[in-house]
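I'll jot down what I look up as I go.

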Amino acid sequence: MPKYYITTFGCQMNVHDSEIIAGMLETMGYQKAEAQECADLVILNTCCVRENAENRTLGHIGNLKSLKEQNPDMLIALCGCMAQEEGIVEKIRENYPHVDLVFGTHNLHQLPELIHKVTTTGSRVMEVWDSEGEIYEGLPVKRDETYRAWVTIMYGCNNFCTYCIVPYVRGRERSRRPEVILDEIRGLIANGVKEVTLLGQNVNSYGKDLEDGWNFARLLREVAETGLYRIRFQTSHPKDLSDELIEVIASHPNVGRHLHLPFQAGSSRILQRMNRQYTKEGYIDLALKIKAKVPDIALTTDIIVGFPGETEEDFLDTMNLVEKVRFDGAFTFIYSPRVGTPAAKMEDQIPEEVKKERLMRLIDLQNRISLERNQALIGTIQEILVEGASEKNESRWSGRTSHNKLVHFEPVIKVNPGDIAQVRICGAKTFTLDGELLG
Ligand code: 5AD
Ligand code: SF4
C-alpha cells in the first residue's frame, strides 16, 4: 500500500482539513506513514496568517528537496491557505521544482483526481480555485482522536480586519446546514466521542447566510441538547456575541466554561484602524457581562502588538485592558504585514525592536495573571476529560477541565484516554495545573 505523511501548520481549521485529506487518501488505499522519510506522498497543509508561519513552511519545502533526490518517486504536495495566496503558485512553480502538486482550500475535495492526474501524466499539477464554490458534504474524515472531534460549522470570513489575510484565502462566510452538523455530531456520539469543538473563523456569524432563521446560539443549544458530554467552539468575534449566546452557555453546563474572545488591541483608535467594530469600553463591558452571567468562565484572547500607528499610549491601553479583564490565557502576536491587506500599506509601520519590547512587557503581564488565575483553583475539585500519557514520561498523564485548562496527574488508578475523572488541584503553573487523581 502507498503511504502518506501530512504536516499541518496553523489553526484548528487546518488540523481538521488534514483529517479530511487523510480520510480521502485512506479511501484511495493509502496508509499513514510512520515518518516523512517512508512516505510515497508528502503533503504540507500550510498557514499564511503571519510571515513566520510562511517562512517556516518555505524552509520545510526546501528541506524536502534532498528527500526527493533520494526517492524520486515520492510525490510532494502543498495545500492550505498559502496555496490560495497571490503569487505563491508562480513562486512554487519557479523556485521549488520538487513540488509536484499544489491545490487550494476551495478545491480540497478534488485531491483524489488531482493525484490521479499527477501519477498518470507524470507532470506537475497546480490547481487552485480563486473563489469558493458550494460546500462539499460527505467527504471521508480520518480523525486523529477517538474521544474528541472537530466539527466545522462554517467556512470563510466577511470581517476584513485590516491586518488579516484570512478573508482573501478562505473566502466569504458559508454556513453548513444545521441538520448536517447535528447528524454528524449524533454519529460522533454514537462512536464514543465525548467532546466536540465547533469550528469557524467567526462562529458567531453562523446562519447569517441561511434562510431559515438559524443563528449560532440556536445551533449551540441544539448541540448541547444532544446530550454530548462537552461542547466547545471557536473563534468568537466580540461584535457578534449575543446575549442569547451567553444565556445558552449559562444554562447548559455541558458547554465548556471557556470562551476564546480575541480583542486584538486595547486602544479604540487602533481598533477602528483594524476595522474591529467595537471599542475598548465595549469589549470590557462585554467581558464583564459574560463573567457576571457565567461566573466560572475562563476567558482567553488573541492580542496583536505593533499594529501600524500604535503609540506607547495605545499599547498601554492594551496592557490596561489585560489587567481589567484578567484573562486566563492569551496568544500574543507581533503584527506581521500581509501583502494584499490594507494595514500592510499603512505608512506608520512600527520598528521591529519596538514591537518586540512591547510583546515582552505584555507577555510578562499576562503570565503573571495566568498564574494567579490558575493558583485560584488550588484546592478545588475539577472534572477532567483524560487525554493520555505524556510522550516523554509515561507516569505523567493529562486531561482538561471544562475551562480548557490542562491538568497533569499521576495515574494512581487505571484511566484511559477519553475517561472522565475527578482531580483535586494541588499545584499551579502559568500554563498548566497539577492534580491528584480521585477516581
Ligand atoms: N499579524 C499578526 N497577527 C495576526 N493575526 C491575524 N493576522 C495577523 C497579522 N497580520 C492574529 C490575530 C488572530 C490570530 C488567529 O492571528 O490575533 O486572532
Ligand atoms: Fe481575520 Fe478578523 Fe476574520 Fe478573524 S474575524 S479571520 S481576524 S478577518
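**Entry 1**

I started with arginine 326, which sits in the loop between α12 and β14. This is a predicted model, so I'm reading the backbone angles as computed values. Arginine 326 is not a glycine, yet its phi is positive, at about 55 degrees.

Glutamine 277 turned up next, with a positive phi of about 65 degrees, and it isn't a glycine either. I found glutamine 277 in the loop that runs between α10 (268-273) and α11 (280-293).

Then I checked for a cis peptide bond. The bond from glutamine 234 to threonine 235 is cis, and its omega is near 5 degrees. Threonine 235 belongs to the loop between β11 (230-234) and α9 (243-251).

**Entry 1: two helices side by side**

How do the axes of α12 and α13 cross? I looked up helix α12 (residues 312-325) and helix α13 (residues 352-375): their axes come within 10 Å and cross at roughly 10 degrees. Angles under 35 degrees count as roughly parallel, and α12 and α13 are therefore roughly parallel to each other.

I listed who meets whom. From α12 I have Glu312, Phe315, Leu316, Thr318, Met319, Val322 and Glu323. They meet Arg358, Arg361, Leu362, Leu365, Gln366, Arg368 and Ile369 of α13. Sorted by class, the residues of this contact are seven nonpolar, two polar and five charged.

**Entry 2: ligand 1**

Which residues are around ligand 1? I wrote down Val49, Arg50, Tyr163, Gln264, Asp302, Ile304, Phe333, Ile334, Tyr335, Ser336 and Arg338. Two strands, β13 (298-305) and β14 (329-334), each give at least two residues to this shell. By class I get six nonpolar, two polar and three charged residues around ligand 1.

Next I went through some polar atom pairs. A polar side-chain atom of glutamine 264 is 2.6 Å from an oxygen atom of ligand 1. A polar backbone atom of tyrosine 163 lies 3.0 Å from a nitrogen atom of the ligand. For serine 336, a polar backbone atom is 2.8 Å from a nitrogen atom of ligand 1.

How much of ligand 1 does the protein cover? On its own, ligand 1 has 400 Å² of accessible area, and the protein covers 85% of that.

Technical notes. Residues are numbered from 1 along each chain as its sequence is written. Chains are lettered from A and ligands numbered from 1 in the order in which they are written. This is a predicted model: local features need pLDDT of at least 70, side-chain atom pairs count only at pLDDT 80 or more; totals for chains, interfaces and linings use all residues. Side-chain values use heavy atoms; hydrogens and water are left out. A residue is near a molecule or strand if one of its heavy atoms lies within 4 Å of it. A polar contact is a pair of N or O atoms within 3.5 Å; within protein, one must be able to donate a hydrogen and the other to accept it, and residues adjacent in sequence count only if both atoms are side-chain atoms. Accessible areas come from the Shrake-Rupley method with a 1.4 Å probe; for residues, only the protein chains shown count as cover. Helices (H or I, at least four residues) and strands (E, at least two) are DSSP runs, numbered from the N terminus. Ala, Val, Leu, Ile, Met, Phe, Trp, Tyr, Cys and Pro count as nonpolar, Asp, Glu, Lys and Arg as charged, and the others, Gly among them, as polar. Axes are lines fitted to C-alpha atoms, for helices over the stretch in contact, and angles run from 0 to 180 degrees between N-to-C directions. Angles under 35 degrees count as roughly parallel, over 145 as roughly antiparallel, 65 to 115 as roughly perpendicular and the rest as oblique. Contact means heavy atoms within 4.5 Å.
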